[in-house]
Each structure stands twice: as C-alpha cells, then as structure tokens.
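This report describes a protein structure in terms of its domains, sheets, helix packing and chain contact. The structure is shown first.

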Amino acid sequence: MDRSDIILLDGAMGTMLQAEGLPVGQMPELWNVTQPETVSAVQRRYVEAGSDVIYTNTFGANRYKAAGCGRSVKELVAGGVRCARAAAAGFDGVRVALDIGPTGRLLQPLGDLGFDEAYDVFREIVAAGVEAGADLIVIETMSDLAEMRAAVLAAKENSALPVWATMTFEATGRTFLGVTVGAMALTLTGLGVDALGFNCSLGPKELLPLVEELRTWTSLPLIVKPNAGLPDPATGEYNITPAEFAAALSKAPALGAAILGGCCGTTPDFIRAAADALASACPAQPAERPRSGVCGASVCTAFDGVRVIGERINPTGKKRFQQALREGDIDYIVLRGVEQQDAGADILDVNVGLPGLDEPAMMRRTVTALQAAVDLPLQIDSSDPKAIEAGLRVYCGKAIVNSVNGKKEVLDAVLPLCKKYGAAVVGLCMDENGIPQDWRGRVAIAKRILDAALACGIPKEDVLIDCLTLTVSAQQEQAAETLRAVRAVKEELGLRTVLGVSNISFGLPARENITVSFLSQAMYAGLDLPIVNPNQSAVMDAVAAFRVLSGQDRDSEDYIRRFAATAAEAAPVAKSGAEMSLGEAIMRGLGQETAALTAKALAEMDELAVVDRLLIPALDRVGDRYEKGEIFLPQLMKAASAACAGFEVIKTRIARRGGASVSKGKIILATVRGDIHDIGKNIVRVVLENYGYTVIDLGRDVPPETVVETAKRENVRLVGLSALMTTTVTSMAETIAALRKSGHDCKIMVGGAVLTEDYAAQIGADYYAKDAKQSADIAKRVLG
Amino acid sequence: MEARLDRIPRAETLQYLRYRGSELGRESLDELARCETLLLQTARPRLVWRLFPLSADGSLRGADYRPAGEDIRAFLADCDSVVLLAATLGAEAEALIRRAAGRDMAQAVILDAAGSAAVERVCDNFCDDLAAALAPRFLTDRFSPGYGDMPLSDQRALFRVLDVSRRIGVTLSESALMIPQKSVTALIGVSDRPQKKRGRGCESCGMRENCSYRKEGKSCGSF
C-alpha cells in the first residue's frame, strides 16, 4: 500500500492571507473578488506541497457575515471556486471542495436562529458552489449538531456532490455546545455523509484520542484537520513546528483516519512535512461492527444492554394529557419528559396523536420543546408519515421511529424517511391479517420487515422488533407466545427487541405485580428496550435488578447508587404536614403539602371556592411580603411554584370530570423581537398562572405579527410585553403600534429593566408593571 | 492566562436578585449554596483575549477596528494599548439556567443571578492575572459595548477581531446580543500611569437613567 490510500488536504487559509496583509477582523472572502490572484497563489502553494483536495476560501461566505460587505454570497462563492480551480489547474486529480463554515449565529433552542432559516442560509451557499463547479462539499468547524444537520441536509437535498463533515472539539471530548463524539458519529453517519471527523479544535496530538473513539462509532472514512498546536493568546501565534505537526499527524492513519490536513496556524510547510511523513502510511481498516445506539443533541444511548423507553408522553387514556394537547399546553407535555428523565428513562417515546389535531405541527413543536428541556434521545411515535417526517426533520440527533409493521404500504411510506434522516425503526409483528397467534408467524413478519429495511439501506442494527404484548386477562396463552417470539427474533434474526410491557396487566387487580413479573421474564427472553412507565419504581427496580443479574451493571455500581439515593431521600418525607394550613404551605414553598392540602380542601368546597378563598388570598399575602421586602425573589417564586402544585390538583380533577376550566382569562406574554432575555417574563408568567390566568407564552424574540395574530385568534384582552435592552424597547413600541393598528381591543402592559412609568406611556402602553406582583394587580383590574 | 472560576461571590448574586436585606432563612441559604455548586460544576469558563497597540486615531494597530464613540476615547485617553477580552461560562451553564426555568423558577432566578456574578468573577480574575503579567504598567477598568455611547453593534467588530465564535463558542444574535447570555466582552486600556477606577460608577453606566437602584436612591455598588 502507498499514500494512494491517504487523501491529503490543505492547511490554513486565514493565517496565510493575514501574512499577505489581510487585516485581522476583515472578511477574507472579499479577496476572492478583489484579489483573486493572492488567494489562488496561496492555494497553489498547498497543491505544490502535496494537497489532493483544496478548500475554497468561502468559510464565512454566508448571508449574515457578508451583510454590508458589498458583495453577494453568490459572488463570493463563485469567486472562491474560481480561485481554487485556477490553483488546481495543471495538477491531475486535485479536487476543489466547497468550504462551508458556521453561520456565526446559534440555532434554537439556545439561540435565536430557526432550523428552516439556517437551512436556507446553507442552501444558498450550496447552490452557488454547485453552479460554480465545486467537486465536493466540506462542512467544517461546527460545534452545534443542529447547525451541522441543517447544513448537511441543505447539501444533500440541493446537490449530488459528496459531503464531508467535520466538527470542532475540546480536549474534554465535547464541542462548545456539549456534543459528544458518539452523538456526532451516530447523527452524521445516519444522515449519509461520505466522510466525517474533526478540524480546528486542538493540535494533532490532542486530537488522536478523539479519533480513536470516533472509529468505534462509525465505519465511514475519518477526517483529521488539526491546528498547529495551541495559540498564544497575546499574539495569536501557534506553538508547534511543521516537523512536530507531521510526526503527530502520521499516527492518525493507524487509528483509522484516511483524510488528513491542517487548520489554523498551519502553512504549506506543514502540509509538505505531512506529505513526507505520510508517504508510506496506510489507514487501519474500520471495525466490522461499529457501536450502535441513538442520541439526542449531545448525549448517546448506546444499544449495549437493557435501555428503558418512557411511555408517558402519550394521550391514550389520559384526560389531562388530552386537554393539554387540545390547549397547546406544551409545558405540561415537556414536564412529563423531564419527570421521566429524572426517574431514570433512557429514551422517551413521543406520541401526540389526537383526532382533530394537526399532528405534524404538534409533533414538530413537541420535539423541539422537549429537546430544549431534556438530553434523552426521542422515539417518534405516530402512524402518520407526515407527523413522523415533521418530527425527524427538526430532531437533533438520531431518533427511533415507532413504528412500521408488515404491511407493504406502511413499509413503503415510512422506511425511506428512516433512511433519509438516519433513524432506527421499530417494526411491529403484525400485518394485513392482524397479529399472528403463533410465535413463528410473528418471527416471519419480523424477517420481512428486516428484509425491507435492508433493501432500503437501513443497517440491521437500526431495526428493532416489537413482538407485541397482548392482555393476559383476555388471551392468557399469548404471554408465552410473545416471550417465545422475543427469544427467536433475538437468536434467529440477531435483532434487538422492543416491547410495550404495561398492556399485559390490563383488567387485572394489582396490575404492577403482573407487569413487573412479565417485564423480568421478557428481559430474560432477550428484551432490550422495554417501553414502560419509569415513574413506577417497581418497574425501574426490576430493570436495575436484571442489569445486575445479567452482568450488564458491572460490580452492581448502578444498582448500589440507585438504592443509596432512595434510602437517603426516604427519611425527610416521613415528616408530617398534617397541622399546616394551605396558606402556610404556600408561604413556605412546599409543593407536595400544598397539593395534599388542596385535595383535602376539595372534599369540603368546590374548585372555584378553593381557588378564590384559599389559594389566591395566600398568594396575595406572599405578594405583600415581597413588596415590603420581607421575602426576596426566589422565595416569591418558591411560593408561586407551591401554589402551582395546588392548581394542578384542581385542573386534573376538572379534566377528569370533563368540566369547564377555572381560568380567570387569557393573557399573552412575550419578550419582544430582537430580545433574548426572558427570565423576567418567566417570573411574571409563574405569578400570573398562580392567580388562575391562562398564560399564552409566546417565548422570546417574538415578532409583532405573532403577537397580533395570537391576540386576535385567541381573543385575548390583556397582552404583556417584556424588553430588557434600550435597543429592543424600539421593537416593543412597534409591537404596541401593530396591536393598535390591528383594531383588536386589548390592554397592553409592559415591563423590563430599562422601562419607566413615563417611558411606558410614551410608547403607548396602557400599564407599566414594575414587577411580577404588579402585573397580577393589573390583570385583576383588566380581567377580574 | 486561563479562565478561572474559583468561586461565585454571594454578595454579587444577591445584588442581581435585588435583595434588600430581609431575613434569608436556612432554606434560602441552602438553595443559594446549591445553585452556586451546581453552576461551578456545570460551567466551563473560557476566554480569549489579545493585546493591540493603539494608533493616534484611536484604532487598533494590526486589526480592522476602531472603537466607536466619544466615551471610549476618553476612557483610553492615557493608554497606548488596549486588551480585547471575551469571556463566557459556556453553553452547558446556559442550558442549566434555561432548563431550570421550566421546572423550578425559584432555582432559575438564583442560577441566573449567580451566573451573572460568575462570569464577572471570571473577568475579575482575568484582570488580576493580566495586571500581574503587565506590571509595572497599569490597567483601566473594563469597558463593554453598550456602555456610555458605544453602540451594541461594536460587538460585531470585536467578535471578528477576536474570532470569538471559533475560539470560545459564543455567538451573536440578530440584534447583536451574546449567546450564551452569561458572556462578557470588554476593552481594557493599558497605560504607564495609574488609572482611576471610573468604569463602575453611575456616571459611566448605560443604565443610569433607568436603574432600579437609582430609582430608590441607591446604587448597585451600595445597596
């Protein structure tokens, strides 16, 4: 073997252009148009040094960074490709890679850039690069997996070129945004990139351990393009020599990397030294079966033992959940996810299907909101391919799709989506003829699903089979058939299995006994991914015990930790809150006690009376003490949260009865466009909710149109706007003007650090709320 | 010089919470301590800085940047060089604070305040280290885009010069606000003469017209 197995990339571009006189802080891409010969000359030196692939000088050629530079993205990109082409001219086989870097903005949920807009920014660059004649597309220096996904999808959907993807990691093994090596590998391999790896970040020596880990997660070609060591903060200079760089880089092929080059601080001398050092290198073959699993935006759940899928995000048979879906109360749904994460779930099933509801829209919203609140991978559960795709498109990571079955039209509709977005898929052992009563029939369907998935390009490891649990009280002999089928799918087909366990005990008393016993038997038969209620501690105890007995939990570490934690927590609960009043419980911020005392009060009074005579007067007293400075903000919040637990008891009771809600009216809250500070708005929201108002929280960075549309559609009579910065008070004024102009009859209250009574009046607000307590007083005045 | 977050000053956290001296009680003190520990465990403070000589016209030599406004000119009047600094607690701390808002607002408001105190602490530590490294020369206080008449839009130039997004993972929103929010950018002047501490008085503060402490006749430095 010789270096034909290694592809050598180029080195730094910015470093070189700065040496040619580009001032620090000026846009390097401008030179593609104003000084193309300088750019080409740099690239030519890389070609002469041995680069097989050169990157275009288009790292920052996106619409945000190019704004105001006087040139369009298209001009900068076309110029960039032209420069590189000129540099490669006369050298056989040297390829030109369209270089795409980060937008410089952060995607939601932490940032303010939407997925669709990010996609469009990248689409514009890809289109220009394809038109200009690039040979391949390289997306590099990403630290956010969501942004990387948007770029990869834009590249794949708008070109037929190979796509390479590299991210920037720190020595901790994570990116700035917390993405792990495994999460990057699972997501990008699933999306179908042609090669992946690392660039920038660190020096070559520091990157080697990360390369080693990456190799375990994927069999794709690996890319390594490190910096020339670490920069001196005072001068910006990097600290290793070409020889040191080449010596360290030449260790990468043995770890499986085949595409190598340099990033910040490297020069043609570094590439020449690397070319020499790699002259006889030969990349190690990838492992035959890389590790498999699923992941969220940062963290992986590997398929290497029993993993619990939480089933609670599902409206079936849950009145309160159905009500939340109908009212678009996304926070209620998200809290069910948070609870399950806290209870130890590894993956969350997400089902938001309800007759009459726009399921694709709800799925997209729920997936986005859940990923902002929990790290766990999600299982997108729907029978509507449109809802599945809506969820997969915005899902950051590698998901599971639940589910397909043996029906051809279902396989044809859903499997291509799983392939495109790189999701694992659950196959149910049923088809046109229903569920086979015999275990052999179920295994036969599983085999058919596997074949269809493989034909579609989905790897075997990503096919998970659900042998279906039937209710034992109705079909007693079927429990054994299911267990036989699980064992056979595992042993004969070599596939992982999923099973919705809880259904087994339906219709029997003391259901938990049956559920837990069946779960243990199923795990013994080979069940990998039980779908259960993780809030039932007996269920989680059974899983913890099984992991010890099967040897998955080495030295029983997890088991010991689980029960050490329970023992410690058990003690203080024993304290009796019997003699406490509801008001006292709220004042002290005790949620559990408030809930218990509310339930007790409901035995004697109706819901409205409990709200008006107990909960609200208690909150008033807390508010007064806050105003007088007797308690401070966190104590006010704690009391409000406790009252919230009381309200939840009331809401659940009403939902169960199907009665009208106790809401005192709707209020819109929004942090205005351009402003990302929402802690103040969130404080106000908690307080208003606890006075019994229904708050429609539009979030932060909210455009005036959204406020107007929502106010009209929901017929809202009080709108609260928040702005923290002097600069964003302008958009507050715009929002108020838009509301007035729409002719919708409503009052507007405003708040935020830079506002005053006078200022509020000047921009046309009806009320100025200096704090959360005052916003509640205003709400009382307007809505009663 | 590494980003150092050794502790989170309690007094500063309370100040951001607009604490007015009431009895805190065991539970609140425990919660404050819990939040500080959580943040110290979660934050991954990072910083990037660079020293530039100043030209006579106030621009930075070797960089395509001239700080905007009269106030910064006055602030750097005695200085021949300036240090540009960007510091952050990182995305994990940001996610911690945001997620807390969904499940426990009491904790969220404390984390938010403690986060502000923490990133200031990182900057204070940096300035101590820098002062030691540059001694016997003297440093001014920190001056940030948005102070006085320096527009927030200077943030963009500063980000380009320091390559902030690539180096420490902080990004700018459409309206030039930093994300993660617990981040700071600043200019620090370097001079041969001692510099009087003026960056932190009410006179030079961009919030002076609307400050809630001033409305109550107090200042954030003496509540």
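## Model and domains

The structure is a predicted model. Chain A is divided into four parts: domain 1 spans 3-277, domain 2 spans 305-568, domain 3 spans 575-659 and domain 4 spans 663-784. Taken over C-alpha atoms, the centres of domain 2 of chain A and domain 4 of chain A are separated by 41 Å.

## The eight-stranded sheet

In chain A, eight strands are arranged in an open sheet with parallel pairing, and their order is β1-β8-β7-β6-β5-β4-β3-β2. The edges are formed by β1 (7-8) and β2 (53-55) of chain A, each of which pairs on one side only.

Within this order, strand β4 (residues 136-142) of chain A runs parallel to strand β5 (residues 163-167) of chain A, and four bridges join them. I139(A) has A165(A) in β5(A) as its bridge partner.

Strand β19 (residues 666-671) of chain A pairs with β20(A) in the parallel sense over four bridges. In this pairing, I667(A) stands opposite V695(A) in β20(A).

## Two packed helix pairs

Helix α3 (residues 36-49) of chain A packs with helix α10 (residues 268-277) of chain A at an angle of about 15°, and their axes are 8 Å apart. The two helices α3(A) and α10(A) are therefore roughly parallel, and their crossing is right-handed. From α3(A), the contact uses R45(A), Y46(A) and A49(A); from α10(A), it uses P268(A), I271(A), R272(A) and A275(A). By class, the residues of this contact comprise five nonpolar, no polar and two charged.

Helix α13 (residues 359-373) of chain A and helix α14 (residues 385-394) of chain A have axes that come within 8 Å and cross at roughly 25°. These helices, α13(A) and α14(A), are therefore roughly parallel to each other, with a right-handed crossing. On the α13(A) side, E359(A), P360(A), M363(A), R364(A), V367(A) and T368(A) take part, and they meet K386(A), A387(A), A390(A), G391(A) and V394(A) in α14(A). The contact of α13(A) with α14(A) divides into six nonpolar, two polar and three charged residues.

## Contact between chains A and B

How many residues does the contact take from chain A and from chain B? Each of the two chains, A and B, contributes 49 residues. On the side of chain A that touches chain B, α12 (330-343), α24 (633-657), α25 (679-690) and α27 (726-742) of chain A each supply at least two residues. The most is given by α24(A), with seven residues. The residues of this side of chain A divide into 26 nonpolar, 18 polar and five charged.

Terms used:
Residues are numbered from 1 along each chain as its sequence is written. Chains are lettered from A and ligands numbered from 1 in the order in which they are written. This is a predicted model: local features need pLDDT of at least 70, side-chain atom pairs count only at pLDDT 80 or more; totals for chains, interfaces and linings use all residues. Two residues are in contact if their C-beta atoms, placed from the backbone, lie within 7 Å. Ala, Val, Leu, Ile, Met, Phe, Trp, Tyr, Cys and Pro count as nonpolar, Asp, Glu, Lys and Arg as charged, and the others, Gly among them, as polar. Two strands pair if DSSP finds at least two bridges between them. Axes are lines fitted to C-alpha atoms, for helices over the stretch in contact, and angles run from 0 to 180 degrees between N-to-C directions. Angles under 35 degrees count as roughly parallel, over 145 as roughly antiparallel, 65 to 115 as roughly perpendicular and the rest as oblique. A crossing is left-handed if the near helix is turned anticlockwise from the far one by less than a right angle, and right-handed if clockwise. Domain bounds come from an automatic or database domain assignment.
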